[in-house]
Amino acid sequence: FYRDLADGRRMRHHQDVLRRECAFLGRLRRAFGISRRMLYIVHLGRRNGRSPAEALGVALEVLKGVLEHAYEAGGVLALENVADRSGDEDPVGARLTEVEDALGTLGSRSTDKTPAVGWTFDISHALLAYRGDHERISQDLRRMLPLLVHLHVNAPRFYPSEEPWADRHEAPTEGFPPLWNLFRLACSSARFREFRNV
């Protein structure tokens, strides 16, 4: 959340920084002889009292100005679904459908060249945003599988006291089958298998 791409007051700044970082990834690829595209995980930002459409629109305007730079540098902007707490609707892209809309706007289904944009699926964040409703996550995930390039696999923790679900960035255990079912489903993505990055 250090860089809030949905903050319209800093659009130009965010574009400049993202372009520089894409150029840096390109230099890394050349210096180390990396032939494959490099993933650059991106959070879309926060709503901060704005409508979901307005906040997402600002973030997309920023990213539209960076896509060609990412492509030329051999990078893929991997938009991550984000959530800190159960039901927190402030992060842009907490719902997978928002990430899907963003990817559609940015042209992730382009067939003329390898898209410079994809999706990082954070399973814990999805469980938080969907309040543990893994069936609904599975439905959205199935539709978005062709766009998946990267997985974050950690466990949300629930405190029985006053704390809601929270992302503790802890290793998941075998005792939570929904998380592993989502993991297995995500691994079936053809584009994810191209990167195999967890």
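Student: In which helix is the place of Leu127?

Tutor: Helices (H or I, at least four residues) and strands (E, at least two) are DSSP runs numbered from the N terminus. Leu127 lies in helix H5, residues 123–129. This is a predicted model, where local features need pLDDT of at least 70, side-chain atom pairs count only at pLDDT 80 or more, and totals for chains, interfaces and linings use all residues. Residues are numbered from 1 along each chain as its sequence is written, and side-chain values use heavy atoms, with hydrogens and water left out.

Student: Is Leu127 buried or exposed?

Tutor: Buried means under 20% relative accessible area, exposed over 50%, partly exposed in between (1.4 Å probe, protein chains only). Leu127 has a relative accessible area of 0%, so Leu127 is buried.

Student: Which residues is Leu127 in contact with, leaving aside neighbours within four places in sequence?

Tutor: Contact means heavy atoms within 4.5 Å. For Leu127 these residues are Gly132, His134, Ile137, Pro156, Phe176, Leu179 and Leu182.

Student: At what angle do the axes of H4 and H6 cross?

Tutor: Axes are lines fitted to C-alpha atoms, for helices over the stretch in contact, and angles run from 0 to 180 degrees between N-to-C directions. The axes of H4 (residues 96–106) and H6 (residues 134–144) cross at roughly 15° and come within 10 Å. Angles under 35 degrees count as roughly parallel, over 145 as roughly antiparallel, 65 to 115 as roughly perpendicular and the rest as oblique. H4 and H6 are therefore roughly parallel to each other. On the H6 side, the residues making the contact include Ile137, which is also in contact with Leu127.
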